Amino acid sequence: MKKLHSLALEQKENAKHGEAFFPVQKYITRLAPDYPVVTTHWHEEAELTLITEGNCFYRVDLVGYEVKEGDILFIPPLFLHSISLGTGKEIVSETYVFHMNFLGGNSTDICSTRYLTPMMNQELSMPCLITPEHPAYAALRNIFDQIASLYDEAVVGYELALKALFLQAIFQLLQYGEKNISPDTRISSDKLKHVLDYIELHYAEQISVSELAKLCYFSDYHFMRFFKKHMSMTCVEYINNLRLEKAVELFEQGRSSILEVSLSVGFRNLSYFHRAFKKKYHVTPFSFIKELRGDEVGFC
């Protein structure tokens with residue numbers, strides 16, 4: 001049974017990217033009609049991505065980008081981002097997620113204080129989409145190809161070379177960066193992160209629109225428009241989607257009671273859970289568990 005998780009599915013992603021002393025991890029992400037979205041999330045690491053097949057729609061810190069095969073994306077630390085399938089049948093991307101501390105972001109030298117720390121504090125606006133027409137594209141594509149080769153070959157000292165290459169990539173991007181990020185964008189992004197963090201903590205409980213609206217100091221109507229605008233779905237759709245992803249995690253961890261799982265992730269109606277699960281994953285929960293574990297019996 002293929003694992004339904006992709007690069008990231010939670011808003012404040014808790015996944016461990018690489019090891020403590022080597023916080024770098026490679027991901028291959030595939031989106032298709034039966035799994036068309038990587039939901040909005042954020043994490044402390046940066047991402048460098050190459051679209052290797054297809055086209056898709058990225059949303060980075062509330063800004064939308066139409067992305068096609070061959071494009072490169074840079075996602076700075078702490079930026080909200082999501083991916084949705086484009087007009088094609090499939091999209092495939094190769095991503096390297098790395099923590100800025102690996103590059104010296106936690107040191108006190110000039111590189112950290114003048115460039116890396118402001119980037120981590122979101123005080124620098126870096127270009128997120130680099131197309132083949134962008135003046136930095138050729139250099140970045142060459143850097144990306146070297147990163148991919150070194151990561152796979154893992155020759156002696158490759159960690160040193162990867163650190164140098166990630167720094168080179170940031171150097172190229174800095175040539176087209178700007179000081180300061182729009183205050184309105186930052187405020188909206190922070191509000192959205194606050195809401196998503198709250199949902200992550202309370203998804204198993206009953207969550208009302210009014211509760212979420214109060215977090216942003218919005219009316220219910222204003223909040224619903226705000227959420228739909230930036231998330232491309234209603235807050236109810238988002239909460240249900242997160243609950244379903246949590247249910248899949250529990251099934252993959254060995255939980256086989258459909259009733260217990262549905263209740264533990266916040267669904268109070270078992271029939272509704274069945275319908276929502278089948279709509280999202282195109283199989284019933286029972287069929288999903290059977291495919292995970294073979295022809296075992298005793299599910300409930």
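A quick definition to start: a nonpolar patch joins side chains such as Leu within 5 Å, taking residues with over 30% relative accessible area and no salt bridge. The model discussed here is predicted.

Q: Which residues make the nonpolar surface patch of about 230 Å²?
A: Residues in a patch need over 30% relative accessible area. Leu 263, in helix α8 (residues 258–264), is partly exposed at 40%. The patch is made by Leu 259, Leu 263 and Leu 270.

Q: Is Leu 192 buried or exposed?
A: Let's look at helix α4 (residues 183–202), where Leu 192 is found. The cut-off for buried is under 20% relative accessible area. Leu 192 has a value of 1%, so this residue is buried.

Q: What distance separates the C-alpha atoms of Leu 192 and Phe 226?
A: Leaving aside neighbours within four places in sequence, the contacts of Leu 192 include Phe 226, Phe 227 and Leu 62. Leu 192 and Phe 226 are 34 residues apart along the chain, yet their C-alpha atoms are separated by 8.9 Å.

Q: Which strands stand at the edges of the open sheet?
A: The four strands follow the order β2-β7-β4-β5, with antiparallel pairing. Each edge strand has a single partner, so one side is left without a neighbour in the sheet; these strands are β2 (37–41) and β5 (63–68).

Terms used
Residues numbered from 1 in each chain as written. Predicted model: local features only at pLDDT ≥ 70, side-chain atom pairs only at ≥ 80, totals over all residues. Heavy atoms only, no water. Patch = residues over 30% accessible without salt bridge, like charges linked within 9 Å, V, L, I, M, F, W, Y side chains within 5 Å. Areas by Shrake-Rupley, 256 points an atom, 1.4 Å probe, with all protein chains shown as cover. Salt bridge = Lys/Arg side-chain N within 4 Å of Asp/Glu carboxyl O. Helix = DSSP H or I, 4+ residues; strand = E, 2+ residues; numbered from the N terminus. Buried < 20%, exposed > 50% of the residue type's maximum accessible area, 1.4 Å probe, protein only. Contact = heavy atoms within 4.5 Å. Pairing = 2+ DSSP bridges.
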